[in-house]
Every structure is written in C-alpha cells, then in structure tokens.
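Please open the structure in your viewer and keep the sequence panel beside it.

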Amino acid sequence: MWDRDMEGKEQPAGGPHFVGKKDELIEAKRSFRTLEGRDVLVIYHQGVFYAMDSYCYHAGGSLENGDIEELNGKLCIICPKHKYKISLANGECIYKATDPRQTPPVPRWYSKGVKQRVHSVTETNGDVYVTLSGDTGWFESDYYQGEKGKVERARAEEAEQEKS
Ligand code: FES
C-alpha cells in the first residue's frame, strides 16, 4: 500500500512519512500532521523530536497545547483538559498519589501503563520523517482516531463551546 506525503509524492504505508524540514519543525515546536488518516502531533523539545497520537487517550483532548514537564525522571506532556501526564518517549501515563495505608502517607508516582500510541521520528539531511507505530496491540488513544472517537470529540467540543 502507498500513500502520498505533504508534497504529493508517494511513500510506503506506515512511513517513513516526510513531515517537514527540521528547522521549521524546531521553530514550530508542535506540529500537527495527518498521516494515513491518523492525526499525529510532532513535538520538538530540548533537542529531541517526538511523535504521538494527537488526542489524549483519556477523553480525546487535544495535546497540542499541553505543557511539557519532567516528572519522576520522565518528560511528560500534560493534557490541557484534565491534566493527565503522558510520557513523550513511550506514551505511559503517570500520576502522583498517596497510599492511605502508609503512615505517614507520602505521595509517590504510579503508572497507569502505556496508553498513548507513540510513533518514531527520524531525520535525514534536514528532512524529518515519522514512521507510524506498527504495534498491532490496542492503545487507548486509538479510540480517538476512529470514527466513534471523532464523533465523541466533536460532541465534547460543542459542549465546551456552549459552556463558554
Ligand atoms: S482528555 Fe486528556 S486528561 Fe482528560
């Protein structure tokens, strides 16, 4: 199967897909791309490129404007919607909590596991490419890339607009 890149050139399904010039992507810091019908966020942070599904696995919030912080030794994007923390490197969601059985209860980091699908980024001669994850397992963020998820995201957006 073949697909077309941003310039209309054919490239193999799955990628690598050309997503932009390195300089442009660095300047933009966050770049939204649709690759093979999948909405992907390309992130440049502290000298490294990352790519992940663009919508948060929790309830489909857009991660594009999420802050990035180092938490428990992991660089995480913080979903603007409900503040879930998702590792840029592998899509793991981490959270801080206290175990009430502990005395005194001391907050510590826990993992919810890998929830967000991440993709790999490569660079050749100033051109940046994303190869979509070929993992055949189910990631919760897959839901918001499908038809049902799209409808749900649109509904949530409408509700949000009505509130404001
Ligand atoms: S949608 Fe991202 S934390 Fe809820």
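This is a predicted model: local features need pLDDT of at least 70, side-chain atom pairs count only at pLDDT 80 or more; totals for chains, interfaces and linings use all residues.

## A tour from the whole chain to single residues

Residues are numbered from 1 along each chain as its sequence is written. The C-alpha atoms fill a box of roughly 60 × 40 × 35 Å, taken along the principal axes.

Next, select the six strands that form an open sheet in the order β3-β13-β12-β6-β5-β4, with antiparallel pairing; two strands pair if DSSP finds at least two bridges between them. At the edges stand β3 (17-21) and β4 (30-35), each with a single partner strand, so one side of each is left without a neighbour in the sheet. To look at one pairing, keep β4 and β5 (residues 38-45), which run antiparallel and are joined by six bridges, and find R30, whose bridge partner in β5 is I43.

Which residues have the most contacts inside the largest nonpolar core? Select L41, V42, Y50, A51, V121 and V130, which hold that place in a core of 28 residues. Such a core is a set of buried Ala, Val, Leu, Ile, Met, Phe, Trp, Tyr and Cys residues joined through C-beta atoms within 7 Å. A residue is buried if 20 or more other C-beta atoms, placed from the backbone, lie within 10 Å of its own, exposed if 12 or fewer, and partly exposed in between. At least two residues of this core come from each of β5, β6 (48-53), β8 (74-78), β12 (118-124) and β13 (127-131).

Now centre on Y50, which, leaving aside its neighbours within four places in sequence, is in contact (C-beta atoms, placed from the backbone, within 7 Å) with I43, H45, L88 and V121.

Finish in the loops. Between β7 (67-71) and β8 lies N72, which has a positive phi of about 50° although it is not a glycine, and which counts as partly exposed, with 14 C-beta neighbours inside 10 Å. In the loop between β8 and β9 (85-87), select K83, another residue that is not a glycine but has a positive phi, here about 65°; K83 is exposed, with 12 other C-beta atoms within 10 Å. Lastly, go to the loop between β10 (92-97) and β11 (108-114), where P104 has its place, and look at the cis peptide bond that joins T103 and P104, with omega about -10°.

Note on methods:
Helices (H or I, at least four residues) and strands (E, at least two) are DSSP runs, numbered from the N terminus. Two residues are in contact if their C-beta atoms, placed from the backbone, lie within 7 Å.
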